Number of protein chains: 2
Amino acid sequence: MHNTVELQQILETAIQNLKYPESPKQLYEPITYIINLGGKRIRPLLVLMATELFGEDANKSIHAAMAVEVFHNFTLVHDDIMDNAPLRRGQATVHEKWSTNVAILSGDVMMVEANKNLAKVNPIFLKDVLDTFNATAQGVCEGQTLDMEFETRDDVTIEEYINMIRLKTAVLLGGALKLGAIIANASKQDADLIYNFGENIGIAFQLQDDILDVYADPDKFGKQVGGDIIANKKTFLLLKALELADNNNSNTLQDWISKENFDSREKIEAVTNIYNSLDIPNVAKQAMEGYLSKALSYMEQISVADKQKEAIMSLTMSLMARQY
Amino acid sequence: MHNTVELQQILETAIQNLKYPESPKQLYEPITYIINLGGKRIRPLLVLMATELFGEDANKSIHAAMAVEVFHNFTLVHDDIMDNAPLRRGQATVHEKWSTNVAILSGDVMMVEANKNLAKVNPIFLKDVLDTFNATAQGVCEGQTLDMEFETRDDVTIEEYINMIRLKTAVLLGGALKLGAIIANASKQDADLIYNFGENIGIAFQLQDDILDVYADPDKFGKQVGGDIIANKKTFLLLKALELADNNNSNTLQDWISKENFDSREKIEAVTNIYNSLDIPNVAKQAMEGYLSKALSYMEQISVADKQKEAIMSLTMSLMARQY
């Protein structure tokens with residue numbers, strides 16, 4: 001068994017060993033570029049941790065972990081085109097640095113590369129691994145579609161929002177864990193439990209993101225506090241505020257949403273004040289804790305000793321504990 | 001065993017049975033739309049024919065055939081974005097009918113759907129099937145990259161051009177046949193032979209397309225004769241003409257290529273005259289026949305009775321025989 005630092009080293013080595021053909025350069029250089037922008041590598045780490053949770057060596061699931069990391073980076077490349085994003089982790093996005101066509105095609109071949117990594121897993125588990133991976137990939141595409149669709153709708157419900165973030169971000173965490181479990185030959189029941197753990201943790205993470213975007217310490221937060229408010233992003237906080245607001249607050253919110261010219265600080269302050277008056281931060285925190293506690297109850301039901309659950313639990317808690 | 005008409009019926013039924021979730025509509029409606037635009041279904045037909053060539057029932061490879069057809073349609077959706085094409089088979093392309101973002105995402109989920117179909121093949125063959133499919137998909141992405149790259153280069157060699165069309169169109173024909181062979185439990189040698197047959201046939205088809213674009217009967221040709229000449233498309237004919245031309249012809253060709261304003265009929269006539277004076281149609285036909293005869297020699301080496309090869313051979317010959 002390996003500790004978390006060792007698992008991270010296994011991952012980094014494997015990532016650096018991902019090699020692509022020399023040419024066509026335009027097809028393969030963006031893959032190395034986007035993957036080397038870094039990131040916390042949480043998703044592939046979860047694959048490895050799930051394998052060790054069920055008593056097998058993490059090296060057995062390293063190819064599945066690479067498939068998940070390459071797939072995740074593929075979604076970043078295509079999402080950045082769709083969101084017209086100039087920057088990713090402080091660097092130019094692929095479509096900015098090369099072109100939209102290059103970003104489309106490089107993304108496509110990354111999907112193929114993810115599948116090539118997947119095909120390397122032990123053939124005994126291949127069918128299950130493919131079914132889990134494909135269901136996950138399909139969910140992520142659905143989530144991105146809903147996210148885009150919600151931008152042009154003004155009747156998005158909280159339930160729809162939760163379903164969107166479940167698909168867009170949470171199923172990949174659940175899927176990563178389930179892949180690791182399958183490769184460790186975990187029972188179907190345990191594999192489903194760890195999937196459900198991951199999915200609920202993923203929703204909790206996203207709700208935390210929504211809260212931090214408004215309430216993080218500006219000195220420590222990596223980006224502008226209030227960015228979601230400025231962009232009228234339909235987060236849990238905004239949707240809940242629109243649901244709970246009286247006529248007066250509702251009109252004020254709608255006014256700010258429809259304003260084309262405004263002072264950013266003024267808008268952030270006004271909307272935050274409404275959130276505060278409606279107790280939105282606590283309502284959001286309670287929702288987040290609800291998903292967290294659901295996740296933990298799935299984890300409890302998994303049939304391995306508590307001692308073995310420590311690594312995943314401690315990673316989860318450290319991610320949930322961040323205040324910025 | 002089934003005759004070609006029966007195989008086409010099996011295919012059409014399977015295509016009509018491809019079902020996708022109801023929502024998000026924007027993600028799934030384009031899949032049904034593009035697939036129902038039709039086409040000759042040559043690629044999935046080759047999967048089924050290869051399975052029967054090696055003595056197994058075509059129904060065994062129907063899922064692989066669907067994977068190939070869905071993958072092929074995925075490439076059409078993404079290529080149409082990159083080529084800025086308004087029409088596909090006389091109808092609006094997906095990015096025109098919906099939007100570029102919808103076309104990117106629908107294409108992505110079609111790649112997932114192709115993989116879902118693939119995961120349904122007999123697990124005994126799954127690893128081989130995946131390796132063949134992924135190598136094919138990677139080749140197609142490389143081919144499309146080279147095709148785009150060639151548009152901005154003026155030093156493309158014949159060798160590079162043949163490699164580009166091999167990747168962009170021929171590997172998928174070879175891959176389709178090889179998938180059918182694998183699922184029929186053909187020997188590795190036979191599977192490679194049928195792959196090579198398909199790849200060489202694919203190159204021959206493309207060279208024929210290049211010739212027909214200039215020399216087809218305008219009354220029967222589905223599109224404008226001379227379209228490649230108008231667009232300065234770097235086909236085998238143009239590259240060969242540039243290679244063989246004396247200074248005088250070369251200058252005339254370059255003049256026509258660089259002209260921004262011209263009469264289409266005049267340009268087509270002038271360039272065609274140069275092609276004729278350099279005997280380009282015959283040179284191209286000889287190159288095409290070279291790949292055809294290479295293909296046939298691979299087919300001859302396949303260890304099944306000639307009688308069983310008839311269906312694939314007759315399909316191939318009918319495709320090669322078209323004059324428009």
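Among contacts in chain A between residues at least 6 apart in sequence, what percentage join residues at least 24 apart? The share is 74%, where two residues are in contact if their C-beta atoms, placed from the backbone, lie within 7 Å.

This is a predicted model, in which local features need pLDDT of at least 70 and side-chain atom pairs count only at pLDDT 80 or more, while totals for chains, interfaces and linings use all residues. Residues are numbered from 1 along each chain as its sequence is written, and chains are lettered from A and ligands numbered from 1 in the order in which they are written.

**Chain A**

Chain A contains 15 helices and 2 strands; helices (H or I, at least four residues) and strands (E, at least two) are DSSP runs, numbered from the N terminus. Its radius of gyration is close to the value from the globule rule for 324 residues, so chain A is as compact as a globular protein of that length. The radius is taken over C-alpha atoms, and the rule is 2.2 Å times the number of residues to the power 0.38.

| Property of chain A | Value |
|---|---|
| Radius of gyration | 21 Å |
| C-alpha box along the principal axes | roughly 60 × 50 × 35 Å |

Of the 324 residues in chain A, 48% are buried. A residue is buried if 20 or more other C-beta atoms lie within 10 Å of its own, exposed if 12 or fewer, and partly exposed in between, with C-beta atoms placed from the backbone.

In helix α2 (residues 25-35) of chain A, the buried residues include Leu27(A), Tyr28(A) and Ile31(A). They line one face of the helix, because the buried residues of α2(A) fall within an arc of 155° seen down its axis; the arc is that of the directions from the helix axis to the C-beta atoms.

**The contact between the chains**

The contact takes 31 residues from chain B and 31 residues from chain A. On the side of chain B that touches chain A, α7(B) gives the most, with 15 residues.

Leu126(B) is found in helix α7 (residues 123-151) of chain B. With 19 C-beta neighbours inside 10 Å, Leu126(B) counts as partly exposed. Beyond its neighbours within four places in sequence, Leu126(B) is in contact with Leu126(A), Lys127(A) and Val121(B).
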